[in-house]
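Colleague: I would like to learn how to read this model. Can we start with the strands?

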Amino acid sequence: MREDVESLDIRDVTANWVNAIVLQAQIDDRIKALADLAHTPLFFGRLDYLHAPGASLAEGAEGEQFYIGRRHVHDAGGDPMVIDWRAPVSQPFYRASKNDPQDVGLRRRFGYTAGELTAYEDEHLSDPAEASAVSKLLQQEIERPRVGPMRDIVATIQPEQDEIVRSGLGGSVCVQGGPGTGKTAVGLHRVAYLLYAHRDRLARTGTLVIGPNRSFLHYIEQVLPALGELEVKQATVDDLVARPGVAEVRAVDGAATAVVKGDARMAEVLRRAVRSHVAPPTEPLMVVRGSRRWRVPAHELAEIVEELQNRDIRYGAAHAALPQRIAHTVLVRMEQAGEAPDDRVQDAVARTPAVKAVVKQAWPPVDPAKLVLRLLADPEFLAEHAAGILDEDEQRLLLWPKPFRSVKSAKWSPADLVLIDEASDLVERTHSLGHVVLDEAQDLSPMQYRAVGRRCTTGSATVLGDLAQGTTPWATRSWAEALGHLGKPEAVLEELTAGFRVPREVIAYASRLLPQISPGLAPVSSVRETPGSLDVREVDAGELTGAVVAACREALVHEGSIGLIAADARIEELGGALVAGGLPYLAPGEETTAESRLTLVPASLAKGLEYDYVVLDEPGAIVTGEPDERTGLRRLYVCLTRAVSGLTALHTGALPGALVTSSPASD
């Protein structure tokens with residue numbers, strides 16, 4: 001297929017050089033999409049239908065056989081050899097069962113080792129004599145060692161996951177999923193499915209995946225290209241609101257200040273501040289055209305301004321409309337006097353110095369960054385617009401101890417740029433995309449939700465997260481609240497509770513924290529029972545670092561990736577000890593290989609990552625490293641649940657109370 005595209009000669013089919021460039025770019029993109037991926041098979045399953053899909057179900061009708069794969073593959077004659085997993089005919093591969101065979105006689109799964117076909121497994125779904133059984137190949141694929149970036153789960157999508165993946169583009173979906181339930185993979189595969197089902201529409205409007213940090217985005221960046229989707233953009237929330245060359249992040253707010261800046265009430269403070277620039281005209285307008293003068297009294301000008309205010313359109317749009325409204329009023333007077341002005345005359349009147357002067361006085365332009373600068377630097381200006389919204393203590397938290405003179409000299413924080421983004425949207429509408437995927441959404445502030453929501457006002461969203469893993473002081477308390485801030489209150493809430501990544505012993509141990517960190521949340525039920533996967537060791541205080549290095553050395557005996565996770569304050573010491581012990585290591589975001597499998601991970605960056613074996617350094621230090629105990633326990637919950645095959649936790653001090661209520665072995 002790739003050679004066919006490469007051999008295309010477009011010299012005689014393009015009308016001009018512009019068409020030739022565009023067509024060649026499309027051909028180049030197609031060639032990239034058809035690239036072979038090392039160790040990635042073209043097909044992973046087969047469906048034998050009892051009757052050809054869409055044909056009569058009458059007795060004697062012939063069945064049909066389809067191979068299912070990541071991509072559509074056809075032969076030289078154009079006949080399909082492999083069906084795209086997203087096609088409707090492929091759906092029973094994921095959803096058919098003994099109870100609901102969906103006219104499938106046989107479902108075959110293929111097993112591969114390093115790209116070589118090594119096994120296959122058959123299920124005769126329509127044969128009542130064959131008992132239902134757990135797929136060993138499915139289990140092996142789920143447990144395959146993790147080396148390198150995150151991979152797709154297209155061969156192992158479960159029925160409840162497939163329902164979310166194939167839900168329509170018109171509605172938004174929120175997925176609550178505990179550790180190892182596959183929510184991130186579900187979100188990414190949903191993007192791939194929507195691009196397949198609605199390609200033309202999303203090609204026009206665009207898609208975006210938003211992650212918590214660059215390390216996470218680097219980890220997931222190969223999933224969509226492996227499914228043939230190369231055009232999906234990825235960003236963090238900080239990337240969305242960045243103002244390069246205008247307002248640079250050079251500071252970090254304290255927790256209390258960041259909570260206030262991230263509060264949804266700030267939207268009203270900013271709205272008031274923007275609208276405060278409007279001032280009804282107090283002087284009449286005199287427009288000179290040739291030998292005639294046209295007068296518009298102040299009260300009529302004030303009525304025009306008031307009408308624009310009542311329409312509550314964007315500030316910038318009203319600023320642009322005001323001169324035309326005033327000019328139209330002048331044209332009405334011209335027509336009443338017997339003249340016949342046209343649109344060109346109205347445009348000319350709108351550009352006259354007199355009209356421009358009225359607009360500048362009544363509806364002056366607003367610079368969003370300068371507006372936020374004034375709010376954070378001028379106590380009186382802030383008090384005027386925060387009255388009845390923020391109390392005096394909250395206002396004091398917002399104000400800079402020493403005001404900055406200009407936008408460029410100011411030491412902006414990430415939360416400040418979110419405020420500037422809000423102000424910018426009040427002035428000019430933010431461009432909306434067709435679909436946005438928001439991962440690790442539980443950590444966003446209300447104002448950050450609003451920033452993301454502005455990017456999909458006319459599109460839909462897939463929101464992914466776990467309330468129990470909220471580790472910011474402003475972490476959301478409920479999905480209903482979060483979806484309201486996002487502007488998608490009608491989104492359907494789905495919950496994934498079946499765990500496929502974390503061993504049952506490990507997730508049961510971590511779930512002891514749930515009553516404290518997220519009461520009422522259902523614990524994950526892991527499908528993987530791995531005896532010996534949990535090892536909690538107490539060591540002497542002076543021997544912790546050495547014991548951690550020794551545990552890493554033990555873990556490296558196993559196949560797969562190793563993650564050493566520790567409180568941020570311990571990273572420097574542990575890094576030195578690993579080097580001294582002859583164990584080179586990677587930083588989060590750097591790709592693991594067969595030669596470099598150990599990653600040293602600060603607890604603050606562990607979210608969303610996964611490793612075959614995890615060595616956890618001093619759980620108590622992770623808890624005490626956070627501003628409050630609840631946030632610390634949530635951070636620990638995240639760190640405890642990064643392991644795919646085994647977790648070794650080493651501690652000298654006391655473990656958090658919930659973890660010592662019973663011994664690991666009792667679970």
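Colleague: Which residue in strand 9 is the bridge partner of Gly211?

Modeller: Thr236 is the partner of Gly211. This is a predicted model. Strand 8, residues 207-211, is joined to strand 9 by four bridges, and the two run parallel.

Colleague: What is the order of the strands in the open sheet?

Modeller: The order is 9-8-12-13-7-14, six strands with parallel pairing. Strand 9 (233-236) and strand 14 (492-496) are at the edges. Each has a single partner strand, so one side of each lacks a neighbour in the sheet. On average, neighbouring strands here are turned by 15° against each other, direction ignored.

Colleague: Which helix lies across strand 7, strand 13 and strand 14?

Modeller: Helix 22, residues 479-486. Strand 7 covers 173-177 and strand 13 covers 460-465. The helix runs at about 145° to strand 13.

Colleague: Now the loop between strand 13 and helix 22, where Gln469 lies. Is Gln469 buried or exposed?

Modeller: Compare its relative accessibility with the cut-off: buried means under 20%. Gln469 has 2%, so it counts as buried.

Colleague: Which residues is Gln469 in contact with, leaving aside neighbours within four places in sequence?

Modeller: Gly178, Pro179, Lys183, Gln442, Asp443, Lys607, Tyr637, Val638 and Arg642.

Colleague: How many helices and strands does the protein have?

Modeller: There are 28 helices and 21 strands. Of the 667 residues, 52% are buried. The C-alpha atoms fill a box of roughly 95 × 75 × 45 Å along the principal axes.

Colleague: What is the mean pLDDT of the protein?

Modeller: It is 92, and 97% of the residues reach 70 or more. Over residues 662-667, the pLDDT is below 50. Beyond near neighbours in sequence, that stretch has nine contacts in the model. Where pLDDT is low, the predicted coordinates should not be read in detail.

Definitions and conventions
Residues are numbered from 1 along each chain as its sequence is written. This is a predicted model: local features need pLDDT of at least 70, side-chain atom pairs count only at pLDDT 80 or more; totals for chains, interfaces and linings use all residues. Side-chain values use heavy atoms; hydrogens and water are left out. pLDDT is the predictor's confidence in each residue, from 0 to 100. Contact means heavy atoms within 4.5 Å. Two strands pair if DSSP finds at least two bridges between them. Axes are lines fitted to C-alpha atoms, for helices over the stretch in contact, and angles run from 0 to 180 degrees between N-to-C directions. Buried means under 20% relative accessible area, exposed over 50%, partly exposed in between (1.4 Å probe, protein chains only).
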